[in-house]
Amino acid sequence: MLLGTRLSVLSVYIHLSYILQVATKTNNSAGDGTTTAIVLAREVFRAGLLSISYGACPASLKRGMDKTVKEFIRILKEKSFAVKGKDDTKASMSVGNDVFFGDLIAETINKIGRDGVISIGSSSSSETSVLIEEGMKIDKGYMSPHFIMNKDKSGGV
């Protein structure tokens with residue numbers, strides 16, 4: 001195998017492992033936004049390699065990215081505000097500016113509170129509805145053997 005081919009394969013592997021790491025960290029910290037993170041990471045990677053190929057210093061690029069991230073976080077914190085009620089919720093923006101679904105999501109957030117979880121699923125009917133469940137639901141099995149209190153019956157209670 002030619003050295004150039006090996007370097008090309010290694011470059012693709014490094015790129016993919018970098019993208020996977022970005023997606024995993026985004027999912028672990030935010031729970032959503034992995035597609036956006038992947039697109040941004042790919043563009044940062046591509047632009048960085050292009051800059052280096054034109055003679056930019058990799059260490060200077062890294063310092064510049066670090067400064068940019070700090071400034072971006074500062075601006076986000078400056079512009080952010082706590083969501084207190086329906087009037088503060090901009091839910092219709094996340095559903096293509098559909099006011100009906102935006103209001104439905106905003107009302108659901110008001111009902112479940114800030115720490116609640118919203119799951120959206122498909123239905124065979126044409127009706128849109130909201131189902132609020134109290135407590136926690138584990139689909140099947142135990143997430144950890146430490147949940148089993150009665151080892152004879154393998155039960156949680």
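**Close-up views of a predicted model**

**View 1. Helix 3 gives 5 residues to the lining of the second largest pocket, the most of any element.** The model is predicted: local features need pLDDT of at least 70, side-chain atom pairs count only at pLDDT 80 or more, and totals for chains, interfaces and linings use all residues. Residues are numbered from 1 along each chain as its sequence is written, and side-chain values use heavy atoms, with hydrogens and water left out. A pocket is an open set of points on a 1 Å grid over the protein atoms alone, where a 1.4 Å probe fits, with protein on both sides within 12 Å along at least five of seven lines; lining residues have an atom within 4 Å of a point. Helices are DSSP runs (H or I, at least four residues), numbered from the N terminus.

**View 2. The second largest pocket holds about 480 Å³ of space.** This volume is the space filled by probe spheres set on the grid points, which are joined across faces, edges and corners. Among its 13 lining residues, Tyr18, Leu40, Ala41, Val44 and Val69 are the closest to the centre.

**View 3. Helix 4 spans residues 99-112.** Its buried residues (under 20% relative accessible area, 1.4 Å probe, protein chains only) are Gly102, Ala106 and Thr108. They lie on the same side of helix 4, because they cover an arc of only 160 degrees around the axis, taken from the directions from the helix axis to the C-beta atoms.

**View 4. Thr108 is found in helix 4.** Thr108 counts as buried because its relative accessibility is 11%. Beyond its neighbours within four places in sequence, Thr108 is in contact (heavy atoms within 4.5 Å) with Ile118 and Val130.

How values were computed
Helices (H or I, at least four residues) and strands (E, at least two) are DSSP runs, numbered from the N terminus. The expected span of a helix is 1.5 Å times one less than its number of residues. Buried means under 20% relative accessible area, exposed over 50%, partly exposed in between (1.4 Å probe, protein chains only).
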